[in-house]
Every structure is written in structure tokens, then in C-alpha cells.
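These are notes for a colleague who is opening this entry for the first time. Please look over the sequence and the model, then read the points in order.

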Amino acid sequence: MDAMPKWADVVLVPVVSLLLAAIISAIVFVAVGQNPWDALKLMAYGAVGTSDFLGYTLFYATNFIFTGLAVAVAFHASLFNIGGEGQVLLGGLGAAIVCLYVPLPHWSLALIAGATAAAIFGALWVVIPAYLQARRGSHIVITTIMFNFMASGLLIFFLSGPMKPIGEMQVATAVFPAATHLPSLHDVAQMFGSEMFGRSPVNISIFLALIACVGVWALIWHTRLGYEIRSFGKSESAAKYAGISAVNITMVALLISGGLAGLMAVNNTMGINSPQLVDNAAGGAGFIGIAVALMGRNHPVGIVIAALLFGALYQGGAELSAATSIPVQIVVVIQALVIMFTGALDEMVRAPIEKLFLRSQRAGE
Amino acid sequence: MTFTKILGATTALALVAGSAFADGHSAGPAIIYDLGGKFDKSFNESAFNGAQRWAEENGSEFAEFEITADAQREQAIRRFAEDGNNPIVMAGFSWATALGTAAVDYPDTKFVIIDMVVDAPNVRSVVFNEHEGSFLVGMMAAEASETDVVSFVGGMDIPLIRRFACGYAQGALAANPDATVIANMTGTTPSAWNDPVKGSELTLSQISQGSDVVFAAAGGTGIGVLQTAADEGILSIGVDANQNYLHPGQVLTSMMKRVDNAVYESFAAGDMVEPGFNVMGIGNGGVGYALDEFNAELVSAEMQEMVDAAAASITAGDLTVHDYMSDETCPVLEF
């Protein structure tokens with residue numbers, strides 16, 4: 001830990017990981033007969049080239065901020081919540097129930113009620129895995145991933161049965177009433193006479209995401225609970241010795257994590273142009289959140305930057321497959337490579353860099 | 001500091017890339033596939049084949065996009081509309097909400113949606129008379145059956161699939177009033193479209209109830225139905241595309257739903273696509289039964305004569321097949 005200066009840990013390791021991913025991606029592009037440089041330029045253009053594209057990038061980034069924060073809070077307690085996907089779906093169910101069945105007169109009330117319901121549903125979905133982890137030692141990775149399947153099944157039950165509008169064939173709820181539609185950033189920009197963001201779905205829940213970032217930062221580093229979470233994460237036995245209840249911390253950290261994941265529904269279910277809950281509402285954001293948290297070093301600032309990067313990657317990739325003949329599967333491969341290098345193979349990059357620093361320190365002595 | 005530099009560099013790069021790609025982009029027609037993917041051996045692939053046929057015949061190109069998440073529906077429509085693609089064709093009933101929202105913003109662009117109706121001045125809605133095509137294959141099934149029991153395996157239990165089942169049952173009873181029709185749905189969730197194992201189980205159960213001809217209208221699930229029918233030595237009927245080749249001599253026919261024709265015609269009309277409600281039935285080649293070298297031995301001249309006569313009287317309006325979706329009831333089949 002002491003071997004590396006902080007800047008190397010925060011900047012150098014992710015950048016080297018990205019470069020490695022870029023090199024392998026370039027090989028993939030060459031293998032399918034595309035010019036990697038052109039592809040990169042097109043992806044960059046697709047991500048930020050027009051204010052519409054930028055809007056989509058920010059929309060996806062908002063999703064990833066929520067799931068990234070969710071994973072990070074659990075990480076601080078050394079818990080690996082990979083159930084973000086399911087918690088997002090349940091959050092969507094909560095938001096949909098509120099928007100469809102409660103007559104809300106104004107979007108501001110819908111935002112508060114929807115966000116509350118989404119967070120509560122997301123948190124409730126993690127109660128059983130959290131309890132099993134805290135009391136029975138069932139591994140949280142296993143239980144949360146199984147709960148993803150159950151969430152998907154439960155959602156499909158509601159969307160193809162009780163919540164499906166009569167005569168519709170799509171597995172989705174009705175479109176939410178107009179009064180509950182959240183203003184998009186385009187609406188906000190128009191108040192200032194600008195046409196920024198066009199018809200992209202980026203909406204005011206991006207501010208909710210940023211507020212959540214501040215909240216997580218304050219919670220983890222400036223409250224007693226945050227201190228307890230971190231101590232528990234660093235050393236369970238030391239935390240217990242200091243009088244911190246393992247059961248309480250496990251439960252609380254996971255509930256906050258689930259609530260944050262659930263909040264994503266405000267963006268992707270309530271915030272889109274024709275808001276409705278669809279059967280695959282999470283769209284993989286729960287898993288991308290893991291890579292975002294790892295790359296962002298579990299710090300809100302890092303998470304925002306990583307979420308922007310993944311948002312750009314997601315949106316740029318969509319543009320790449322729409323504008324060229326590159327099959328969408330290749331784009332998914334590229335996205336997966338970045339996730340793998342920044343997330344799963346983090347140690348592979350970190351260890352050699354640490355060694356290099358150690359050696360140079362010794363040489364300096 | 002570093003971050004602002006990176007941002008600046010990215011923006012500069014984007015500007016360069018933007019100017020590089022803005023020109024040289026030919027805006028022809030565009031097609032957007034549904035979540036099943038372009039090569040699903042069924043609905044989406046049929047749409048792709050229509051587009052491909054148009055491209056080959058005209059030496060032109062078309063833009064295409066496979067969405068990977070529902071969030072991309074509206075995005076894909078807007079992207080092609082803003083790029084000047086015209087017309088923009090999308091296959092599948094799940095596009096209705098997104099298209100309804102987006103179409104109003106591009107009054108000069110023509111949109112075509114298949115299998116669903118969107119009421120907008122620049123949208124052409126193409127729906128198929130699946131009940132009519134199913135009626136024809138139902139007649140053939142009853143004719144070919146020796147046990148007087150024929151059966152149906154549907155995918156997800158939605159009104160569209162009940163429409164297939166109801167037309168099939170009416171056809172079977174028209175050809176043989178003593179016939180028994182068994183109908184089963186694979187499930188009530190989207191996974192029912194891709195569950196060949198369950199499809200196989202349903203077929204075995206129907207065989208044990210005496211069925212010797214089975215019609216599968218179930219997407220990927222149908223592959224399991226056709227396979228089991230072939231293994232057990234009974235006849236099967238394919239759907240959407242011509243699936244006769246899957247088990248030569250064991251697939252009685254296929255209920256063809258010409259999604260490819262709908263896409264082809266839209267592309268051929270270009271920006272002159274006529275908006276409004278469009279029904280593809282037997283009369284205009286939208287639905288029908290498949291006859292080729294793989295099932296020639298199974299379809300007797302007598303059977304063909306009878307079916308063609310029925311097709312002619314449906315076209316002429318002398319024979320009406322009840323459409324399940326008109327009132328959500330079926331006079332001859334209980335669901």
C-alpha cells in the first residue's frame with residue numbers, strides 16, 4: 001500500500017488498464033477488418049460529438065453512478081453486492097406502482113414519492129440476502145446473484161399479468177401519467193433559451209445522482225456509521241473488538257447499497273421520454289456498477305468519472321454499430337474488455353506497477 | 001487538471017471525427033431489429049432477408065441496428081431519423097410506445113411498424129392476417145390427420161398468438177367437422193419464445209392425446225416442437241419463415257408470414273411510403289402456406305385444391321375467418 005504514491009493508485013493504474021483494453025480492442029477491430037483509429041474516432045464522436053449524443057452519454061452515466069455507488073458502499077464493508085441488477089428492477093417496480101396508482105399532481109411530488117418508493121423497494125430486495133449473510137454466513141455473492149433471477153421472474157409476473165394494460169402485447173406497464181414526467185435537461189436548458197441535449201432522455205435525476213454522491217461521501221468519511229462501516233470492512237475482528245456489531249453493519253451497509261441501486265429506477269424508468277417499466281429495465285447497469293466502483297476506487301468522485309467513461313463507452317458503442325457494419329456483438333466485446341481490464345484484472349496491472357515503484361524507491365535509497 | 005485536459009482532448013478529437021464522418025454518409029432506408037436479434041431464424045431474420053433482397057436487387061445500401069436494451073428503442077429511431085434515413089422500418093409490437101413518442105418530431109420522415117398499429121400521419125402500420133394463413137394450414141392439418149386430432153403449440157400467451165390458434169382451429173373444423181383441436185401455450189412470459197424443451201414436452205403430451213399433426217407458432221420454441229414431431233413420426237407445421245427444410249418430408253407445410261415482403265415493399269417505396277393502416281392477408285401475399293420440394297409428397301393434389309379454393313373464397317370475401325383480436329373471443333376454441 002505504501003509502495004505507491006496516491007496518484008499512481010488513482011490515475012496510473014486505471015489509465016494503464018484502459019490502454020491495455022484499447023490495445024486488445026484494436027486487435028479485435030483489425031481482426032474484423034476495421035481500422036481501429038477510425039472506430040475510436042467514431043466512438044468518441046458518438047459519445048460526445050453532438051449535444052444529443054452527450055445527453056445519452058450523461059443518461060447512461062447517471063444509471064452507472066447509482067449502481068456504482070451501491071457497489072461502493074457495500075465494498076467499504078467488504079461486502080460484494082452483485083445483486084444491483086435485481087435491486088434496480090425492484091426499484092423500478094416501486095417507482096411504477098407509485099406513478100401509476102397514486103394520483104400525483106406534479107413532477108416534484110412524483111420525484112420525491114417515486115425516489116422514496118424505488119429506494120425502499122431496492123433496499124427491501126436485499127433484506128433476505130443481508131440477513132442470511134449477517135446471521136447465517138450465507139455468502140452474499142451467491143444469494144444476491146440468485147435474487148437477480150428472482151427479481152427478473154417477479155417483474156415479468158407483474159408486467160405480463162397484473163400491471164399489463166389490456167390489449168397490449170409488450171411486456172411493460174402503461175406509460176406513466178403526464179403529470180409525473182420528470183423534466184429532461186432539455187426542458188431545463190430551454191428555460192435558459194438553449195436547445196442543448198435535444199430529445200435525449202437525460203433528466204433531472206442526474207442531480208439526484210450527484211446529491212447521492214455527496215451523501216455517500218459524507219456518510220462514509222464524516223459520520224460514525226461510515227467509520228464503523230470502514231472499520232468493519234478493513235478488519236472484522238478489530239471492529240468487533242471495538243464494539244461494532246457485525247450484524248448491524250452488514251445489514252445497514254447492504255440496505256443502503258440496495259436503496260442506491262433501487263434509486264436508478266428514477267432515471268431509467270421515470271426519467272425517460274415515455275416513462276414505463278419494461279421487463280429488462282436494468283439492462284446490465286447493475287453489473288457495470290461493479291466495474292465503475294472498482295475503477296473509481298470506491299470514492300464518489302472516482303465513481304462519477306468512471307460512470308462518465310462507461311456512459312461514453314456505452315453510447316459511443318451504440319453509435320459505432322449503428323453507423324458502420326461492425327456487428328453489435330463486436331461492440332459488446334469491446335465494452336466487456338474495458339470492464340474486464342478495469343474491473344476484474346485490476347490486480348494484474350497493479351502488482352507490476354507496485355513492484356516498479358518499490359524498485360525505484362530502493363534504487364533511490 | 002488532468003481531467004480537464006482529457007476532456008479537452010476528447011472534445012477536439014470528437015470535432016475532428018465529426019467532420020470526418022458527417023460527409024460520405026448515404027442516407028437510404030433503415031431497419032431496426034427487435035431484441036431477439038437479427039439472426040433469430042424467424043421474425044427478425046425474415047425482416048433482414050427482405051431488406052437484403054431489396055439491397056441486392058437495387059445495388060443499394062441500407063442502415064441497420066440491433067438494439068441490446070429497451071432504452072435504445074427511441075434512441076435508434078431518432079438516430080436514423082436525424083441522419084436522414086427514410087423510410088425507417090421496425091419489426092415488432094414492442095416498438096409502438098417509442099415510435100408513438102418519436103414520430104411526431106420528424107414529420108418529413110416516414111416510419112413503418114410491423115405487427116402493431118401506431119396512429120400518426122407519417123407512420124405506416126403493417127399487420128398480418130395470421131388467422132387467415134392459420135386457417136389454411138388448419139385445413140391441411142385436418143386433411144392429413146388420420147386420428148382426427150390435431151394440435152397447436154403457441155409461444156407466449158398473447159392475443160396475437162391466440163389469433164393463430166383460433167384461425168387454425170377454424171380451418172381444421174372446416175375441413176373435418178369431427179376433428180378435435182388441442183391448443184397449448186408454452187408460457188406467459190417472454191422466455192416462452194425460446195424454450196424448445198418445453199415445446200418438446202407439450203408436443204409429447206399432445207401426441208399422447210392422439211394428435212398426429214402439430215402446428216407451432218412459438219418462435220425458437222417451435223424448433224423443439226418440430227424436432228419432437230419428427231422424432232415421434234408425426235407431421236408438424238412451421239411458422240413465419242418457410243421451415244419445411246428443417247425436417248424434409250416430415251413438415252407438412254409452413255404458415256408463411258411474409259415480414260420480408262413488408263420490409264421489401266417499404267424499402268422499394270422509399271420516402272413515398274404511404275402512411276396508414278395496412279393489412280397483409282392472403283390476397284396480397286402477406287400470409288399463405290409453403291409448398292416446395294421438401295413437402296411435395298405430403299401435400300396431395302386434392303388437399304392443395306381444397307386449400308386454394310378456401311384461399312380464393314377468403315380473398316373474395318365469401319369466407320370470413322374469425323379474428324381473435326377483434327373481440328378477444330374464439331368461437332371454436334377454449335383458452
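1. How far apart do the C-alpha centres of domain 1 of chain B and domain 2 of chain B lie? They lie 28 Å apart. The assignment gives domain 1 as 26–128 + 258–286 and domain 2 as 131–256 + 300–327; such bounds come from an automatic or database domain assignment.

2. This is a predicted model, in which local features need pLDDT of at least 70 and side-chain atom pairs count only at pLDDT 80 or more, while totals for chains, interfaces and linings use all residues. Residues are numbered from 1 along each chain as its sequence is written, and chains are lettered from A and ligands numbered from 1 in the order in which they are written.

3. On confidence, pLDDT is the predictor's confidence in each residue, from 0 to 100. Chain B has a mean pLDDT of 88, with 92% of its residues at 70 or more. Residues 1–25 of chain B stay under 50, and the model has 24 contacts for them beyond four places in sequence. Two residues count as in contact if their C-beta atoms, placed from the backbone, lie within 7 Å. For the complex, the predictor gives an ipTM of 0.79 and a pTM of 0.83.

4. Between the two domains of chain B, the contact takes 7 residues from domain 1 and 9 residues from domain 2.

5. Between the chains, 35 residues of chain B and 30 residues of chain A take part in the contact. Elements giving two or more residues to the chain B side are α1 (2–22), β2 (63–66), α3 (72–82), α4 (96–103) and α6 (159–175). Helices (H or I, at least four residues) and strands (E, at least two) are DSSP runs, numbered from the N terminus. The largest share of that side, 11 residues, comes from α1(B).

6. B:Gln72 lies in helix α3 of chain B. Why is B:Gln72 classed as buried? B:Gln72 is buried because 22 other C-beta atoms lie within 10 Å; the class requires 20 or more, with 12 or fewer for exposed and partly exposed in between, using C-beta atoms placed from the backbone. Leaving aside neighbours within four places in sequence, B:Gln72 is in contact with A:Ala318 and B:Ile67.

7. An unreviewed UniProt entry lists residues 39–290 of chain B as "domain: ABC transporter substrate-binding protein PnrA-like". UniProt positions are given in the numbering used here, feature names are shortened, and annotations may be inferred rather than shown by experiment. The span is 41% helix and 24% strand, and its end C-alpha atoms lie 21 Å apart.
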